[in-house]
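Keep the picture in view as you read.

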Amino acid sequence: MDLDRQIDALRAVGIAPERIYVDKRSGATADRPGLSAALAYAREGDVIVVHTLDRLGRTVRDTLNLIQDLAEHGVGVRNLADPIQVDSTNPNDPMAQLAVVLLALFGQMERTYTLERAAHARAVAAAEGRRIGRPSVVDADKLACAAHLREAGHTMAEIVAKTGITRTTLYRHLPPRPAEAVTATPVTAAEAQRESVD
């Protein structure tokens, strides 16, 4: 597991387990109680050690702003596993500043590419008619019962009450109702086609 590997790396450089703060969510998530606790604990002269710099912020700006805020309070940042080593305890070192910018930028780009790849994979799956997301756990018999109840004219609320299937799941799995006629005389398919051409 990636988190275990990160914890092992932090322990290997002598950080006590009670001072290793963890978040099980991505660095792209704003709500990270582990990072918040580490920042609240840090005092002047401390160095916050991270496995990789992208653990600090969602974007380049977030990361740079955080490192700048920490530097103003006398707190440094050091990374362990990035290809470029950063130690911000010397804020006047231009190479350290450049390294921070580059690593934060690479982290943001990787998150962007990951999201784009996932969106593309979902689009391809949808175009091929493959189901996306978690596999369905809806009982097929209950779903058939729900379809029968809807054909019999029951409301969605009644179907939910009788089958125990949530409204959202019913809308996802039941085929859409045929469009209701809005004129006194039903329009034939040929007439509808002619009207759309006109």
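Threonine 89 has a relative accessibility of 46%, so it counts as partly exposed; buried would be under 20% relative accessible area and exposed over 50%, with partly exposed in between (1.4 Å probe, protein chains only). You'll find threonine 89 in the loop between strand 2 (76–79) and helix 4. Helices (H or I, at least four residues) and strands (E, at least two) are DSSP runs, numbered from the N terminus. Leaving out residues up to four places away in sequence, threonine 89 touches Val47 and Gly76, where contact means heavy atoms within 4.5 Å. Threonine 89 and glycine 74 sit 15 residues apart in sequence, and their C-alpha atoms are 7.9 Å apart in space.

A quick word on the ground rules. This is a predicted model, in which local features need pLDDT of at least 70 and side-chain atom pairs count only at pLDDT 80 or more, while totals for chains, interfaces and linings use all residues. Residues are numbered from 1 along each chain as its sequence is written, and side-chain values use heavy atoms, with hydrogens and water left out.

Now for the whole protein. It has eight helices and two strands, and along the sequence they follow the pattern α-α-β-α-β-α-α-α-α-α. Of its 198 residues, 26% count as buried. Take the contacts between residues at least 6 apart in sequence: 53% of them join residues at least 24 apart.

| Residue | Relative accessibility | Class |
|---|---|---|
| Tyrosine 41 | 40% | partly exposed |
| Leucine 105 | 36% | partly exposed |
| Glutamate 110 | 41% | partly exposed |
| Arginine 117 | 48% | partly exposed |

Tyrosine 41 belongs to helix 2. Its contacts, not counting residues up to four places away in sequence, are Arg19, Tyr21 and Asp46. Tyrosine 41 and arginine 19 are 22 residues apart in sequence, with 9.1 Å between their C-alpha atoms.

Leucine 105 is in helix 4 (residues 94–127). Together with Phe106, Met109 and Tyr113, Leu105 makes a nonpolar surface patch of about 350 Å².

Which residue forms a salt bridge with glutamate 110? That's arginine 117, and the closest N and O atoms are 3.1 Å apart. A salt bridge here is a side-chain nitrogen of Lys or Arg within 4 Å of a carboxyl oxygen of Asp or Glu. Side chains of opposite charge can pair when their charged atoms come close. Searching the whole structure turns up one salt bridge.

Is histidine 51 buried or exposed? Its relative accessibility is 7%, so histidine 51 is buried. Histidine 51 sits in the loop between strand 1 (47–50) and helix 3 (60–72). Not counting residues up to four places away in sequence, histidine 51 touches Arg5, Gln6, Ala9, Leu10, Asn79, Leu80, Ala81 and Asp82.

Last stop: the largest pocket, which holds about 760 Å³ of space. It is lined by 31 residues, and the closest to its centre are Leu10, Tyr21, Val22, Val49 and Val50. Helix 1 (2–12), helix 2 (33–41) and strand 1 are the elements that give two or more residues to this lining. Helix 1 gives the most, with six residues.

Technical notes:
Patches are made of residues with over 30% relative accessible area and no salt bridge: like charges are joined within 9 Å, nonpolar side chains (Val, Leu, Ile, Met, Phe, Trp, Tyr) within 5 Å. Accessible areas come from the Shrake-Rupley method with a 1.4 Å probe; for residues, only the protein chains shown count as cover. On a 1 Å grid over the protein atoms alone, a cavity is a set of points where a 1.4 Å probe fits but cannot get out, and a pocket is an open set with protein on both sides within 12 Å along at least five of seven lines; lining residues have an atom within 4 Å of a point. Grid points are joined across faces, edges and corners, and a volume is the space filled by probe spheres set on the points.
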